[in-house]
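The cut-offs behind each term are given where the term comes up.

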Amino acid sequence: MADADLNPQADGKDQQFDLRAKFYEYFELVPASTATLKREVYKLRFQVYCLETGFERPEDCTVVKEDGREVYLETDPYDRRSDHYLVRHRRSGLYAATVRLVLPDPDDLFLPYPIEEHCVLETPVTDLGIRRHLAEISRFAVSKEFKRRPNEAGTLAGIGAQPEVYFAPDERRVLPHITVGLFAAIVRMTRAHAITHWYAVMEPALLRFLRLFGIHFSPIGPDVDYHGLRRPCLAEVDRVLPGIKKVNPSVWELITDNGRYA
């Protein structure tokens, strides 16, 4: 990965490149607040999780009819208690990425999260006060058309340097920040649901990438082999956001929408 792509101070020093403005020039965050948009989420997840990475099996997915053809939707039981967002590429109209936040069940605060079912946690969250405001970042996925490195084609986050679709120079410069854009969506959902803590199970490479921008998660258990190496983590929202501002104000501006969701 090129140094300019990952230098956490690069955007802050470059007065010609306003990361937040450029991101929203080429992309928009779309809350999946309707059945139609949720279907777009599930279609994109099928594309990424089944066709691009092979992490899930097509035969386990839901098949529906759309304009006379079969369409596959990747869903699971956690979707019923989740909020979802999409990242849409304005010029093409394509959905580039998606993420969900698995929310607490107010009727059963100990209803397990995915991390609690798939990982061995050394320090699980058991405090009821925290669990009431605990959510899990999940189904974090970027379409391969918007991944920048050929050798990242089998990963979910798509952190990459050779463009695979037809991007103008400024668009290519924004591409590594689609992952950061997903965090902007996460923060919007977080504030909407009064979430104070995040669970997450992430690729170590993604965690290292996020740390460059001041986004820190603490490991709470050993790595697990689940479609590759994954690390169970926990983060406190109001510790993460100030850390981003300290390390890279331009990323903080994008993630918090200039402090609106800080």
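## The β2-β3 hairpin

Strands β2 and β3 form a hairpin with two residues between them, and D67 in the turn has a positive phi of about 55 degrees. The two strands, β2 (residues 62-66) and β3 (residues 69-73), pair in the antiparallel sense over five bridges, where pairing requires that DSSP finds at least two bridges between the strands. Within this pairing, E66 has R69 in β3 as its bridge partner.

## Basis of the model

This is a predicted model, in which local features need pLDDT of at least 70 and side-chain atom pairs count only at pLDDT 80 or more, while totals for chains, interfaces and linings use all residues. Residues are numbered from 1 along each chain as its sequence is written, and side-chain values use heavy atoms, with hydrogens and water left out.

## Overall composition

Of the 262 residues in the protein, 53% are buried, where buried means under 20% relative accessible area, exposed means over 50%, and partly exposed lies in between (1.4 Å probe, protein chains only). The protein exposes about 12100 Å², and carbon and sulfur atoms supply 50% of that area, as computed by the Shrake-Rupley method with a 1.4 Å probe.

## Nonpolar cores

The largest nonpolar core has 53 residues, and those with the most contacts inside it are F27, I137, F183, W198 and F217. Its largest share, nine residues, comes from helix α8 (residues 178-192). A second, separate core of 14 residues includes L44, V64, V71 and L86. A core in this sense is a set of buried Ala, Val, Leu, Ile, Met, Phe, Trp, Tyr and Cys residues joined through side-chain atoms within 4.5 Å.

Helix α8 also contains L182, which counts as buried because its relative accessibility is 0%. L182 and I255 are 73 residues apart in sequence, yet their C-alpha atoms are 8.4 Å apart in space. I255 belongs to α11, where S250, V251, W252, L254 and T256 are buried as well. Helix α11 (residues 249-256) is largely enclosed by the rest of the structure, because six of its eight residues are buried. Just after α11, D257 takes a positive phi of about 55 degrees.

## Aromatic and charged side chains

The count of aromatic pairs comes to 10, with rings of Phe, Tyr and Trp (its six-membered ring) taken as paired if their centres lie within 6.5 Å, and with planes under 30 degrees apart called stacked, over 60 edge-to-face and the rest tilted. Y113 and Y199 form an edge-to-face pair, at 5.6 Å centre to centre and 75 degrees between the planes, and both residues are buried. F23, Y24, F27 and F146 form one aromatic cluster.

The charged end of R81 sits over the ring of Y113, 4.7 Å from its centre, and R139 lies over the face of Y49 at 4.6 Å from the ring centre; the rule asks for NZ of Lys or CZ of Arg within 6 Å of the ring centre and within 35 degrees of the ring normal.

Another arginine, R131, lies in helix α6 (residues 128-131) and counts as buried because its relative accessibility is 2%. A polar atom of the R131 side chain lies 2.7 Å from the backbone oxygen of L109.

Key
Helices (H or I, at least four residues) and strands (E, at least two) are DSSP runs, numbered from the N terminus. A polar contact is a pair of N or O atoms within 3.5 Å; within protein, one must be able to donate a hydrogen and the other to accept it, and residues adjacent in sequence count only if both atoms are side-chain atoms.
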